[in-house]
Amino acid sequence: MIDDTSYKDLPFEEKIQMMDAMTEKQLQDSLEQVKFMCKDYCGKCPSYQGTGETNLAFCSIGKSSIIKEKKGCLCKQCPISKTMSLRWEFYCTDGNAIDLAIAEKK
Ligand code: SF4
Ligand code: SF4
């Protein structure tokens, strides 16, 4: 069993692998939690505000079809970045964390 102290230091790739064991319902609930948190970050970010975008959690769902201009990103301050060891930003224009992790390996 992994304790909380060692979990927080794991890289994103290992944390996301652990989510493979989650049920569809658990994944949905987790996405809802990410969105809840995200509205105070993406929702208040200069790249998002005024665009008409209503989606959230781009680190999970991937690129926005609406946001095209990078005017600043608050992802580094978002607790989800820490919880999931996310090391990127601008998910709304660049893609979700899984895609960015894969792109790094190419
Ligand atoms: S991913 Fe970053 S740049 Fe895009 S809306 Fe969220 S905080 Fe803003
Ligand atoms: S890391 Fe960025 S995209 Fe993901 S929930 Fe936080 S603010 Fe939203």
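**Ligand 2 and its shell**

By class, how many nonpolar, polar and charged residues does the shell around ligand 2 have? The tally is 14 nonpolar and one polar, with no charged residues. Keep in mind that this is a predicted model.

In total, 15 residues surround ligand 2. As for helices, α3 (24-38), α4 (58-61) and α5 (79-83) each put in at least two shell residues. The largest share comes from α3, with three residues.

**Ligand 1 and its shell**

Now for the other site. Around ligand 1 there are 14 residues, and the ones that come nearest are Cys42, Cys45, Ser47, Cys73 and Cys92. This shell splits into twelve nonpolar residues, one polar and one charged.

**The fold as a whole**

What about overall dimensions? Along its principal axes, the C-alpha trace spans about 45 × 30 × 25 Å. The radius of gyration is 14 Å, which agrees with a compact globule, because 106 residues packed that way would come out near 13 Å.

**Burial and contacts**

Of the 106 residues in the protein chain, 19% are buried. Sequence separation is worth a look too: take the contacts between residues at least 6 apart in sequence, and 57% of them join residues at least 24 apart.

Terms used
Residues numbered from 1 in each chain as written. Chains lettered and ligands numbered in written order. Predicted model: local features only at pLDDT ≥ 70, side-chain atom pairs only at ≥ 80, totals over all residues. Near = placed C-beta within 6 Å. Helix = DSSP H or I, 4+ residues; strand = E, 2+ residues; numbered from the N terminus. Nonpolar A, V, L, I, M, F, W, Y, C, P; charged D, E, K, R; others polar. Rg over C-alpha atoms; globule rule 2.2 N^0.38 Å. Buried ≥ 20, exposed ≤ 12 C-beta atoms within 10 Å, placed from the backbone. Contact = placed C-beta atoms within 7 Å.
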